[in-house]
Amino acid sequence: MNEFGEGCSRMNGEEPMMEALNDLRLESEEVRSGEDTEGDLVVNDEEEAEDEGGGFQYRCVEDNGENNDGERIEINNVGDIVKLDLKNLSPHEVGLYYDFQSLELAADFYKSYARKNGFAGREGKKRHNKDGVVIQQAFVCNREGFRRERDGGTPSQRKRRANTRCGCKAEFRVHVNVLSGRWYVTWFDDDHNHDLMSDAHCGMLPAHQKMSKGHVMQMNNFLKAGIRPPHILAAFARQAGGYEKVGFRKKHMYNQIGQQRRNQGDDGKSAIGYLQWLGLKDSLMCCKHVEDANGSVRHMFWSNGLSQISYQEFGDVLAFDATYRKNKYRYPVVIFSGVNHHNHTTIFACGIVSNETEETYVWLLEQFNAVMKGKSPVSVITDGDLAMRNAIKRVYPNAHHRLCAWHLIRNATSNVSNPGFTAAFTRCMLGDYDIGQFKRKWPTMVNQFGLQENRWVREMYDKRKMWATAYIRGNFFAGFRTTSRCEGLHSQIRKYVHSQSSLTEFVQQFQRCLYEMRFREAEADFASVHGEPEYHGQLRSLQISATKLFTREMFDIFLPVLDRAAILKVTGQRENYPSVIYVVQKYQVDEKEWYVTCNLLSNEYRCSCLRMESYGMPCDHMIAVLVYLNISEVPKCMVMQRWCRGAKSVLCGELGQGSNFWDTESVGRFASLLDVYYNVCRLASKSVDDYNEQYEKGMNDYNHLKEKNGHVSDDEESRRQGGNGGVRGGRIQRGRGRIGSTSSTPRLWSKRTTHCSLCHVAGHNRLTCPLREQLSEMIEQMYGTSIPHGDVDLSFSNEDFNMSWEWIGFAAWTSCDSSGV
């Protein structure tokens, strides 16, 4: 009887060459069988034995997985494993009675067994049949084997991890039954040569720390909400009852996030795929992109349905600006925005471009014009970029182009470097002057500071119709003087994205920012119709009338107009049928006067200050005329529809506000079910009976719904929300915009050193090993033959596989040391 018991196969002395080669092959991680007739290991009997260390080993009867001594216990799902008392389970019992429906269940069993008994397991050697199918799998203790020592060379600067390998021999081996397809135990050695860990520390072993699919799903939902991984881990710890009960660490979350980024493939294609997935729920969603000759995505443009609806009502003023450092490629992000009926910033469209040339901006504006059905804005405001300015002239030649006042003031400071000139320039730009006054004040200012030859000053005077209030008065800009709204929007977007965001992450987080802005608009709509504001001051009847027309924010802006009108008076009038011209002056100020024209037939009002045309709201001079005429209501002709309560109601009524734009019902149902089933899981986990009942019920419900609705895998859902979408393209090219492109140093990978499987020395393999001749002589003395040279058929049978390797490995190491190799 050998060390494995009576029923174990003995080495056949008639074939020593094949047996020696089999022993050499056992050193490999995977052993492929070239000829396997039955596919099962056949053992005649069973025996319990004590090994040299006193540990308990068990070799079970494997008669094709059949055992007539007792009824076999089938493990068909994870629930069956949970029912077992793994702490008090003996290897003898497992070997006799347990079999598993799949190899994965056998692996889960050994992992759970290890967790309950103070160690961790990992996969060991596996065996394949001639078709490459795994027929035998071993699982070993995580401390099996020894650490491979580092070869010479420069020592690593990184602190090495603690050595956890101690050569533990504990092993759990299963084999497949080719007739039934089930897996049964062929070997279970539960003797460890190290101390087992306590329950508190065992859960910290890397093998027992892993994120489940549920945790990954929750983490992704938290990430989409803008919650950072450290806070997500704190939420998991609060839910589990402590950090030690979570089952994973912060590094596992970062690893999972990195793996998901790598799995999504090409970043540009993934971002476009996500936008196309949004288009499945939004029939008006538009997404365009440009690829270069290599198939790499160069430019992207998109606009959803609700943004297009907003543009139809509020697209008379368009802010066109670029922001930077919002993605890891340093691509400029161009946002098309405006102002809605609540005086809030609203987004019409967005684009990501790889450069800022005139042709690129022309492409963006053409896509914008196409998706907005050819509607041109009345006015456009930019920061003065030359490429933007030329592109606007080409695409919207009739639009009034205004330069940002803030950028002009900054340029005045940098080009002249005189605080006095900056203040005087600001007064000329924003002062309430007419054209004649401006022409008199400009040369006076230039002569005062001696800037007759300054090129920037001359250029600004040539562009005066794009920035001076005297020239742009009467053009509607909805209160826009600067791109400060754009800067505020950029600051808000910065809360959702950062300089290392991928394009897919940027698009997803940008949508989240857009949803929040829509919710604030909905809150403002509610505030405008809920309750009445506090009325104060004079002209109460006009205040009541204004609340029925304006939204709440615009009403607050209109109140100071009423206060200023109280100090104005009508000093005269001239009739010119069908119009009447009223002369308005400030109380006890006769130097300045304004002229308000009233058309008696159309009931229209115009003022010489042109503020109605510039802002879309009645000026204080018009209100003074209404008071003079004893009119108690603000005429509708004095209020632009874009500032009224129902500005979007007509368009939204035509196109609907259902699931195309807000999927609130689906999200609400999901959140409600999640809350209910969380409480069910929390209560059912306290009792084994309740757990078994709820688990079986949950699996039945899941299978029923899967058959009813059609199963969509997690990978398929991920692909829909961020996959390639069928777009051909290569990698995203780095931007060449204002910030400039960045290059990363390629990572250099060193070639792994080859080690001999006989002597474990680097620099050669077992076919060229110096020990081969010594080993051949040793086998010839023992068995009467030697190892042949050349190609050898290394196929294995079941009996060949069960040879012992310990004696030949020890002899090889001894010979290696003595020979000085």
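Strands here are DSSP runs of E with at least two residues, helices are runs of H or I with at least four, and both are numbered from the N terminus.

A word on the source: this is a predicted model, where local features need pLDDT of at least 70, side-chain atom pairs count only at pLDDT 80 or more, and totals for chains, interfaces and linings use all residues. Residues are numbered from 1 along each chain as its sequence is written, and side-chain values use heavy atoms, leaving out hydrogens and water.

Back to our pair. S10 and S11 (residues 297-303) run antiparallel, joined by 6 bridges; strands count as paired if DSSP finds at least two bridges between them. What is the strand order in the open sheet of 7 strands? The order is S10-S11-S14-S13-S12-S15-S16, and the pairing is mixed. S10 (286-291) and S16 are the edge strands, each pairing on one side only.

Now to helix H12, residues 386-395. Its buried residues (under 20% relative accessible area, 1.4 Å probe, protein chains only) are Ala-387, Met-388, Arg-389, Ala-391, Ile-392 and Val-395. They pack against strands S12, S15 and S16 and helix H11, with contact meaning heavy atoms within 4.5 Å.

Finally, look at helices H14 (419-430) and H15 (435-449): they pack at about 175°, with axes 11 Å apart. That makes H14 roughly antiparallel to H15, a label for angles over 145 degrees; axes are lines fitted to C-alpha atoms over the stretch in contact, and angles run from 0 to 180 degrees between N-to-C directions. In H14, the residues meeting H15 include Phe-421 and Phe-425. Thanks, everyone!

Definitions and conventions:
Buried means under 20% relative accessible area, exposed over 50%, partly exposed in between (1.4 Å probe, protein chains only). Angles under 35 degrees count as roughly parallel, over 145 as roughly antiparallel, 65 to 115 as roughly perpendicular and the rest as oblique.
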